[in-house]
Amino acid sequence: MNTTVIRTGSRWRVGLVAVLLCGAGGVAVGEWLGWPFLAAPLQNFLSDKLDRKVRFADEGAAATGFAVRFLGGIRLQAPLLQIAAPAWSTAPYMLRAEDVALELGYSDLWRAYQGEPVRIHSLQARTLDGNIERMADGRASWQFGKTPPAAQPDSPTRLPQFGTLRVTNGLVHYTDAPLSVLMDATLSLLPGSVAADGQTTSLVKVEAKGRYRKQPLKIVLSSSAVLPSEGGNTSVLPVVVNLNATVGRAQLDFNGMAPDALKPQDFSGRFSLNGPSLAAVGDPLGVTLPTTEAFKTNGTLVKTGSRWQVVVNDATVGASRLHGAFRYESAGRVPMLSGKLGGSRLLLADLGPVVGTTATEMADTATPVANNARAKGRVLPDRPFDLPSLRAMNANVLIDIGEVNLNTSYLEPLQPLAVHLELDGGVLRLHDLVARTAQGQLRGDLALDGRGEKALWTADLRWDGVRLERWIKVARADGAPPYVSGQLYGQAKLAGQGRSTAQILASLQGTARTTLRNGTVSHLGVELAGLDIAQSLGMLVKGDDALPVRCAVADLVAKDGNFRPKVMVVDTTDSAVWVDGSLSLATEALDLRAVVVPKDFSPLSVRTPIRVQGTFSQPQVSLEKEPLAKKAAASLLLALVNPLAAVIPWVDLGDADAAKRGASGCAALTQRSTGQK
């Protein structure tokens, strides 16, 4: 009995061992052969788990050459690997690769089933054709499973991840609605030599064409990439990346390093950038940059996550030379630009379109004031502001420029100019403004509030000690004194609103006051202004000299863009000049009247008010006709009595009392202005 039990137990153990040995042998043979009979079951299994049709051969064809191995992960060889596109897509498939060698870990397959980006340990193919898509609602072709997790439309693109990727010829169609990308790319990833650490050096070349943010896009990317080899060191090492890209009207060249040439979320290196305007760079990036003249720049660039850090070694914008260091952070609710801008020289003409001086760039939807400015003869800039761009980002930039050229040879540049620029919630502020010129300085604050339909512009500026003979550069022959000299002091507080510079100027409200101290004016100029023919001829014979200015003040009030002087007078030892009338920034009309009151005797003087009328583009200077006609009529009547008496109406005895009263009033106004400094 016991012997029988022992024999039965032994036979059972022997049978179990035999079964296990046969099973192990069968698995070994299956792994060796590659389980060719599992092609159809594996297709069905993957199709069910990914909720996508997976095929290893074309419809109706046998999967000749198919082999799969399961020990340590899924290792697949197939003449074809095709993964269908999601049901909502119109693409024929998501991925189609020929002569495929694929390695996929079980953990990677599980994460893909959970909706995470697919991670493919190794993929090698002779040809690869992919259709990568993301819809505006966040649905993406790389999300697998029957119920993939919902994705936010503005979430980062999570493309499939590759360990080793080698493709002889590849074509990828990439569409991303949230990023406004439509691109076709050809790629080639060819193996090179194996380094001592087990890494395989591969040659990567990608060429792409399409559109990005509605801008034409062309990219050529090449890299000597380090991709993990089989059994090698799989640590991530940086690779050399060379990029040449044209986006819209901007051209970029980049040479640097990135963890992965095909997933350059983070990178660093040197760049050069050029284009017809800085706005051409900002448009595709979604960054608010001003419209400028043509530019070129170079420097270094580091991107880490959502943070961009840029050091601009040299930037040439038109004839301007600038440099700076900036940081752009896009992760917050509103992107933020911060940094410092410096430079040796800036020409306002290079930034002219920022304030609308390029009439050809005006929008067709400009408001009536801007449209009127298109007419021939208008001078003030009228290009509409891009107010939405003021709300697209925030900024905090310190500006320090060695020289700011005012785009005219008649005015001395600002040397230097420093200002703090802040853009917050659609409000642009230029505060702590300090500019020096002609031994004086300009200080103050400017603001442009773009939160409403119309921009609100405010200015509070002061100028102190500006020497007019240096600031106004008008050379005179034969060593003649400057037409005007002295130190200019003043203050302006103005506000306006509109959708263009012209509209803001047409709505200006406020005051502006300036005084001249220790000044002189051209004696000849004063006599000519007073139409004193005799003394003017004398000045021409003996030469001009500088006439001391006892006081000079201009006190202007602005209302609806129309400037009127409360008082505008220049008092000299020879004459007093009074100016009244108006100057309109709304209509660009001039209507000024200058009266010269001589203090001394002149044997021949017309002495009639001078009128300046017309427009900014076509000013008209004339003599006031009524006083002139009265003198001419009196001269004619006296000539009938005695021809010598005809000169009597043209003799000017001077009006010392009136001039004295005017001088007293001028001095009082000047003292009041001085007291307010």
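## Basis

In this predicted model, local features need pLDDT of at least 70 and side-chain atom pairs count only at pLDDT 80 or more, while totals for chains, interfaces and linings use all residues. Residues are numbered from 1 along each chain as its sequence is written, and side-chain values use heavy atoms, with hydrogens and water left out.

## Helix H2

Helices (H or I, at least four residues) and strands (E, at least two) are DSSP runs, numbered from the N terminus. Helix H2 covers residues 39-50, twelve residues. From first C-alpha to last it reaches 16 Å, close to the 16 Å expected at 1.5 Å a residue (1.5 Å times one less than the number of residues).

Ala-39, Leu-42, Gln-43, Leu-46, Ser-47 and Leu-50 of H2 are buried (under 20% relative accessible area, with exposed over 50% and partly exposed in between; 1.4 Å probe, protein chains only). These residues lie on the same side of H2 because they cover an arc of only 130° around the axis, taken from the directions from the helix axis to the C-beta atoms. Just after H2, Asp-51 has a positive phi of about 55°.

Strands pair if DSSP finds at least two bridges between them. S13 (residues 295-304) and S14 (residues 307-317) run antiparallel, joined by ten bridges. Lys-303 stands opposite Trp-308 in S14. Two residues lie between these strands in their hairpin, where Gly-305 takes a positive phi near 65°.

S14 also runs antiparallel to S15 (residues 320-329), with nine bridges. Val-317 has Ser-320 in S15 as its bridge partner. In the turn of this hairpin, Gly-318 has a positive phi of about 60°.

## Asp-571

Asp-571 is in strand S26 (residues 562-572). Its relative accessibility is 1%, so Asp-571 counts as buried. The C-alpha atoms of Asp-571 and Ala-552 are 6.2 Å apart, with the two residues 19 residues apart along the chain.
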